[in-house]
Amino acid sequence: MDSNHLKFKCFLLLLATLNHTNGYSGELSFDSGITGSYTRQIAESKDGSEKFAADNWTFSPFLSAIYTAKRMNGAARAQHQHIRRSLDGQSLTNNYTNYRGNVNLTLVENLLQASANASQNFRGVNLNSVGVDDFLLNEDDLAKINNYGGSLTLSLRPKDYFGLNANLRYSKFDAENNVNDTIENENINFGSENFGAQFSLQSGPDFRPFAMQVRGATSVTKRTERNDFESSRANANFGFPIFTPKLLFTTVFSYENNEVPSVQTGENLLREFYSYGAGLTWRSSQNKFIRVTWNQSKIASGAGFQEETDNFLAGTINWQLSSRTELRADYSRRFFGETANILFRHNTRHWRNVLSYTETISTASSIIQNEEVSLFACPNTNNISINDCELLDSLDPANLPPDSVFVPFQEISFELSPNVVIRKRALYTSGIQRRRSNLSLTVSRTEDEDVERDLVNTIDSLQLSASINISSRSSIVSSIVFSDLERRTINSIEESRVNRFNLAFERQISRKLRTAIGYTYLDRDGDNAQNAGGFGANGLIRIDGPLTDNRITASLTYKFSK
């Protein structure tokens with residue numbers, strides 16, 4: 001038996017066992033069914049040298065389970081895709097399984113929580129293949145991604161003198177490609193284990209008129225194909241009032257160290273960073289303050305550079321403008337120079353907006369594991385459509401119903417690699433819900449600077465998803481994606497563009513039966529590899545260069561559950 005299937009079955013067994021455990025007994029519900037679909041596909045290279053017409057039959061049984069109790073909630077869903085293809089007189093059969101599960105337990109109420117998660121999915125390896133390669137095109141370029149993890153969180157609210165939040169976490173990541181070595185002749189079979197801890201200590205109301213906050217985080221990522229990656233960060237601030245209780249003289253301190261040893265020399269590719277300073281803080285309340293400080297920084301010698309010192313102005317704002325509007329932003333310095341983080345949220349009854357900018361040190365495993373900004377809450381089941389989702393009053397995952405999950409209607413683009421990257425990401429996402437329609441818009445720009453290679457990837461993306469209910473049982477669902485990708489090295493710049501359009505008509509025939517018919521158009525252009533069409537090593541369709549792909553799909557979904 002496949003070990004991944006065994007783990008998923010063990011996860012369902014855990015839910016069933018806890019259903020009979022004192023203190024965790026609750027309600028366990030299942031949702032199951034099968035989707036059958038036929039797709040007529042015509043894929044063609046831009047220069048006309050390769051063209052394929054395929055008839056694809058897909059049979060997808062699915063199962064989901066949701067468990068809710070006073071001190072525990074959990075959800076699991078899985079879908080298997082059995083694909084039969086007829087192409088140029090040949091018949092092909094392929095099988096893929098995706099699954100995702102998570103469990104949250106309250107060990108001590110209002111104090112100690114534990115969580116665990118597991119998932120398996122497939123995604124394109126190359127940056128310019130995200131949103132292009134799938135189960136019906138260039139399948140042998142897909143990588144199978146497995147993620148497992150758990151965490152333990154201690155929370156003490158700042159009721160008196162201090163509040164404490166501490167977290168221990170563990171995760172395991174594995175990526176395995178099917179056939180081709182697609183990243184600079186490297187085989188995409190790599191994995192990592194991550195061990196991390198973080199804490200935040202904050203002063204409470206009885207500590208006034210003084211104010212204090214200390215935060216720290218450390219992690220170790222053990223990589224199978226690279227040296228270990230170690231990261232540590234800490235910062236602290238302490239303030240006391242002058243002239244008025246709302247104006248505080250504040251001292252600040254910051255430290256960061258990232259250990260990324262070179263494969264060739266063993267020398268650390270990044271440098272240690274310190275800064276300290278003083279300034280003023282205007283604090284209206286716990287969630288409303290503005291801080292400005294003058295700082296001195298030191299970057300340790302290393303990575304071919306001498307020690308550097310500098311003076312700079314830093315600022316932080318955390319302002320709850322209203323119950324519906326919030327702004328958090330900071331500007332400072334890190335080892336790579338100026339840095340900023342921004343989060344702006346604004347909600348109305350039918351409209352949600354989030355504007356953010358982040359700068360992080362990441363690997364592929366951490367990018368996948370970190371949840372993207374999500375506005376729509378959808379049923380925690382398979383075959384999710386935006387037509388089934390809704391906007392909630394709160395975007396806090398803690399307030400999410402146990403039978404729902406936040407779904408980002410956007411594709412996270414990055415190159416699947418074991419290397420460490422400095423990731424800078426600007427994003428605006430908006431969601432609108434009316435009585436008969438839903439709309440999601442996301443605009444983003446992402447820059448990934450590879451620390452271990454001379455490589456910078458930049459991705460500009462616009463993604464729009466919408467649904468309209470034309471009757472009580474019929475709806476039209478559409479999505480549009482525009483992506484502009486740039487891969488820059490010291491010797492070359494490669495650009496590519498991916499555009500995709502989808503339009504579908506969905507009809508709920510009965511409580512258990514649903515049908516849909518849709519059209520999908522894909523266009524990829526730019527500086528890609530030379531066209532190489534034909535059957536891949538597994539007898540699969542592949543076109544590696546600029547291409548178009550047209551598909552017409554008809555599907556029928558039947559649910560066994562009530």
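1. Tyr38 is partly exposed, at 26% relative accessibility. Tyr38 belongs to strand E1 (residues 26-45) and Trp57 to strand E2 (residues 51-69), so the pair ties together parts that lie 19 residues apart in sequence. This is a predicted model, and the remarks below should be read with that in mind.

2. On the aromatic pairs in general, the count for the model comes to 12. For Tyr38 and Trp57, the ring centres are 4.8 Å apart and the planes stand at 45°, so the pair is classed as tilted.

3. A second tilted pair is formed by Phe162 and Phe207: the planes are again given at 45°, with the ring centres 5.4 Å apart. Phe162 sits in strand E7 (residues 162-177), while Phe207 is in the loop between strand E8 (189-203) and strand E9 (211-223), so this pair ties together parts that are 45 residues apart in sequence. Phe162 is partly exposed at 40% relative accessibility. Phe207, at 19%, counts as buried because the cut-off is under 20%. Phe162 and Phe207 also belong to one aromatic cluster with Phe210 and Phe238.

4. Arg283 lies over the face of Phe289, at 4.9 Å from the ring centre.

5. As for the overall make-up, the protein has 2 helices and 29 strands. Of its 562 residues, 44% are buried. Among contacts between residues at least 6 apart in sequence, 59% join residues at least 24 apart. The accessible surface is about 27600 Å², and carbon and sulfur atoms account for 54% of that area.

6. The salt bridges number 20. Side chains of opposite charge can pair when their charged atoms come close. In the bridge between Glu308 and Arg271, the closest N and O atoms are 2.8 Å apart. This pair links distant parts of the chain, 37 residues apart: Glu308 is in strand E14 (residues 308-320), and Arg271 is in the loop between strand E11 (244-259) and strand E12 (273-285). Glu308 is partly exposed, with a relative accessible area of 35%, whereas Arg271 counts as buried at 10% relative accessibility.

7. Arg328 and Glu326 form a salt bridge with an N to O distance of 2.6 Å. Here the arginine, Arg328, is partly exposed at 42% relative accessibility, and Glu326 is buried at 10%. Elsewhere, salt bridges with shared partners join Lys46, Asp523 and Asp525 into one network.

8. In the bridge between Lys222 and Asp228, the closest N and O atoms are 3.5 Å apart. Lys222 is partly exposed, with a relative accessible area of 39%. Asp228 is partly exposed as well, with a relative accessible area of 30%.

9. The surface carries a nonpolar patch made up of Ile468, Ile470, Ile476, Leu503, Phe505, Ile517, Tyr519 and Ile552, with about 680 Å² of accessible area together. Strand E25 (493-508) and strand E26 (513-526) each supply at least two of the patch residues. Ile468 is found in strand E23 (residues 455-469). Ile468 is partly exposed, with a relative accessible area of 48%.

Conventions: Residues numbered from 1 in each chain as written. Predicted model: local features only at pLDDT ≥ 70, side-chain atom pairs only at ≥ 80, totals over all residues. Heavy atoms only, no water. Helix = DSSP H or I, 4+ residues; strand = E, 2+ residues; numbered from the N terminus. Buried < 20%, exposed > 50% of the residue type's maximum accessible area, 1.4 Å probe, protein only. Contact = heavy atoms within 4.5 Å. Areas by Shrake-Rupley, 256 points an atom, 1.4 Å probe, with all protein chains shown as cover. Salt bridge = Lys/Arg side-chain N within 4 Å of Asp/Glu carboxyl O. Patch = residues over 30% accessible without salt bridge, like charges linked within 9 Å, V, L, I, M, F, W, Y side chains within 5 Å. Phe/Tyr/Trp six-rings, centres within 6.5 Å; stacked < 30°, edge-to-face > 60°. Lys NZ or Arg CZ within 6 Å of the ring centre and 35° of its normal.
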